[in-house]
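This briefing summarises selected computed features of the structure shown below.

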Amino acid sequence: MPVISYREAIRHALAEELERDANVVVLGEEVAQFNGAYKVTEGLLAKFGPNRIVDTPISEAGFIGMGVGASMLGIRPVMELMFWSFYSVAFDQILNNAANVRYMSGGLINCPIVIRGPANGGTNVGATHSHTPENVLANHPGVKVVVPSTPSDAKGLLKSAIRDNDPVFFLENTILYGDKGEVPEGEHVIPLGVADVKRAGTDLTIVTYGRSVLHSLAAADLLQKEHDVSAEVVDLRTIRPLDIDTVLASVAKTHRVLIVEEQKPFASVGSQLAYMIQREAFDELDAPIHRLTTVDAPAIYSPPIEAEQLPNPQRVLKAALELMA
Amino acid sequence: MSKKPSATAEKKDAESAASVSPAANVGINQKLTKDDRIDLFRMMMRIRRFEERSLRAYQAKKIGGFLHLYIGQEAVAVGSCSLMGKNDHVFTAYRDHGHAIAVGMGVNELMAELYGKATGCSKGKGGSMHYFAPDRNFWGGHGIVGGQIPLGTGLAYALKYKNIKGAAMAFMGDGAVNQGAVHEAYNLASLWQLPVVFVIENNGYSMGTSQERSSAGELAKRAEGYNMAWGTCDGHDLYDVRAVMDKFLRAAREESKPSVVEVRTYRYRGHSVADPDNTYRAKAEIEEYRRTKDPIQVFQHQLVAEGVLDEALIEKIDQAARAEAEAAAEFAEASPYPTVDDIQKDVYWEADNPSERKSKGRLFFD
């Protein structure tokens with residue numbers, strides 16, 4: 001199986017879906033001539049031409065809204081947000097228009113749009129560029145939210161997202177773009193809403209997604225080596241729809257849960273998970289559900305300190321040991 | 001307070017209404033048959049009577065939320081929508097009853113939507129501000145000021161992408177012109193030469209704030225900053241609306257040229273029915289518009305002068321419109337509400353089409 005980067009995996013998904021369906025168009029800032037601010041769309045303009053790969057002005061409310069309108073007539077726009085942090089200037093288009101139009105029209109209008117781009121901290125760009133809005137997005141019924149952690153997942157999930165008839169928000173990670181992994185060529189489609197057990201274990205379940213999966217896997221190795229603790233790592237992959245069954249099955253096996261997320265703690269994805277786990281598997285729990293999040297403050301700039309604000313293997317390890325104590 | 005205009009009062013108004021429309025001789029109007037003209041008159045009357053009936057229903061507490069009436073502005077939607085070909089499309093804001101009727105939606109489903117009934121056009125899920133009929137190229141009915149303008153631009157983008165010769169009309173009120181999303185849409189439309197006509201229905205007030213207190217400069221002229229054509233027209237004169245809109249719609253359809261049209265119009269009712277309408281304008285101003293510029297009266301006067309309408313026919317059309325509105329209210333009254341089980345339908349395409357669902361996992365939470 002070819003080993004390619006997360007960035008290339010996304011690009012392959014885009015190229016294959018552009019090839020497959022003439023209604024798919026890629027629009028966003030710097031996606032065409034510039035080859036993508038993070039080079040995700042590199043080479044697509046040359047291959048598909050300016051009608052399919054479209055540079056937009058810096059005008060998120062305008063072009064995202066335009067994509068929502070175009071999707072109503074059957075176009076399948078894949079809109080790139082250079083950073084998901086910029087969703088705030090297009091909030092009305094994303095969460096009033098895309099999320100609600102099917103409902104308010106009594107099911108008459110669909111909005112098969114994908115909005116994708118990176119949503120992460122850890123790159124020392126300060127609070128304005130470091131938002132992780134998956135909880136905010138997933139709070140809106142009508143939308144789907146995907147946060148892939150590996151190249152293979154990124155490709156397979158993006159292909160599903162583009163084929164989906166509901167609006168799908170796809171949250172990538174600038175730090176993962178260069179990460180490499182095995183990715184099947186061609187028709188590799190992963191359904192939304194299926195979690196993946198990235199590491200099997202028996203003593204505790206770490207429920208996580210996105211880049212925090214990698215920190216959790218690193219911490220799980222340390223737990224095994226240094227503390228003889230066997231951690232199972234469940235990667236949600238999709239926030240909504242949510243594969244809670246895979247989480248509950250793991251909890252039934254390990255009886256201890258640590259949630260790891262790059263969210264601020266208040267009303268995070270982890271808050272929802274903790275509610276559901278205690279509600280549906282209370283009798284399985286041998287300890288209170290524990291959670292590790294980003295330290296609750298706007299993203300700090302200072303590079304060595306930002307690494308400590310976010311989840312990292314040492315912080316995950318410490319939290320896991322607290323849970324096991 | 002609702003004041004039900006009587007046929008006699010309206011007849012008096014007609015006598016003092018504006019003189020015969022200069023736009024009557026424009027080609028697009030000249031080619032209207034007698035029946036076409038009567039249909040346009042009837043359409044405005046149907047909107048007026050529908051809304052008056054809906055107001056009474058609102059006062060009787062049959063309708064929840066907001067009710068933004070279009071009374072006084074009917075010629076704008078009717079004139080514009082009468083020009084629609086099969087590939088022309090409409091987006092508008094929350095004052096959407098007139099556009100919905102003008103594109104041919106049935107008043108029963110519209111009234112039932114106001115009543116929150118399952119037989120409503122959006123199954124009771126949208127309400128007054130959120131009417132939709134994609135089968136009639138009517139894409140809403142949007143609640144946030146200016147938020148629909150990028151959507152209309154996107155529809156024009158889709159037409160161009162698919163090589164379809166058509167145009168999108170994106171309607172907004174004068175209050176929307178100061179929203180950023182509108183300007184972003186203007187820029188995109190001009191940059192990419194999209195077939196969209198932005199229509200500002202300038203009724204003089206963004207809610208309770210007059211134009212001079214909210215907007216600098218001439219509203220449509222802002223198009224110049226985006227290198228777009230623009231024009232204005234008299235929204236009290238249906239012929240003028242058609243004449244001006246036709247010109248810009250042709251440019252959109254045939255040359256993919258976007259434009260901005262400002263239609264000068266007036267609403268007699270408050271911003272919404274909840275607006276007591278006693279703080280920002282004088283009653284005398286409203287009465288003056290009613291007496292001299294009412295679009296239905298102006299057009300009636302015009303058609304009487306043309307020999308197309310007479311007293312008997314006017315009365316017949318009026319009575320039919322009243323009866324239709326009354327029947328719509330009865331239909332709405334008799335219709336069932338959606339059920340609690342219906343709340344979670346029409347949220348996700350996948351949830352509503354389970355046999356075609358590809359995703360797994362929970363879509364809904366409790």
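Contact here means that heavy atoms lie within 4.5 Å. By that criterion, 29 residues of domain 1 of chain A are in contact with 24 residues of domain 2 of chain A. The model is predicted, and every value below is computed from it.

**Domain arrangement in chain A**

- Chain A is split into domain 1, spanning 3-182, and domain 2, spanning 196-324.
- A distance of 26 Å separates the C-alpha centres of domain 1 of chain A and domain 2 of chain A.
- Between them, domain 1 of chain A and domain 2 of chain A bury about 2,100 Å², and 52% of this area is on carbon and sulfur atoms.

**Polar and charged pairs across the domain interface**

- Two salt bridges are found across the interface of domain 1 of chain A and domain 2 of chain A.
- A salt bridge joins the side chains of A:Asp153 and A:Lys198, with an N to O distance of 2.7 Å.
- Residue pairs in polar contact between domain 1 of chain A and domain 2 of chain A number 18, where both residues have pLDDT 80 or more.

- On the side of domain 1 of chain A that touches domain 2 of chain A, at least two residues each come from helix H5 (134-138), strand S6 (144-146) and helix H6 (151-163) of chain A.
- The residues on this side of domain 1 of chain A comprise eleven nonpolar, 14 polar and four charged.

- B:His130 lies in the loop that runs between helix H6 (107-114) and strand S2 (138-141) of chain B.
- Because its relative accessible area is 10%, and buried means under 20%, B:His130 counts as buried.
- Beyond its neighbours within four places in sequence, B:His130 contacts A:Met104 of chain A, together with B:Asp96, B:Ser122, B:Gly141, B:His142 and B:Gly143 of chain B.

- B:Glu324 belongs to helix H13 of chain B, which covers residues 311-334.
- B:Glu324 has a relative accessibility of 25% and therefore counts as partly exposed, the class between under 20% and over 50%.
- When residues up to four places away in sequence are left out, B:Glu324 touches B:Arg46 and B:Val107.
- B:Glu324 and B:Arg46 are 278 residues apart in sequence, while their C-alpha atoms are 7.9 Å apart in space.

Definitions and conventions: Residues numbered from 1 in each chain as written. Chains lettered and ligands numbered in written order. Predicted model: local features only at pLDDT ≥ 70, side-chain atom pairs only at ≥ 80, totals over all residues. Heavy atoms only, no water. Domains from an automatic or database assignment. Buried area = accessible area lost by both parts, 1.4 Å probe. Salt bridge = Lys/Arg side-chain N within 4 Å of Asp/Glu carboxyl O. Polar contact = N/O pair within 3.5 Å; in protein donor to acceptor, adjacent residues only side chain to side chain. Helix = DSSP H or I, 4+ residues; strand = E, 2+ residues; numbered from the N terminus. Nonpolar A, V, L, I, M, F, W, Y, C, P; charged D, E, K, R; others polar. Buried < 20%, exposed > 50% of the residue type's maximum accessible area, 1.4 Å probe, protein only.
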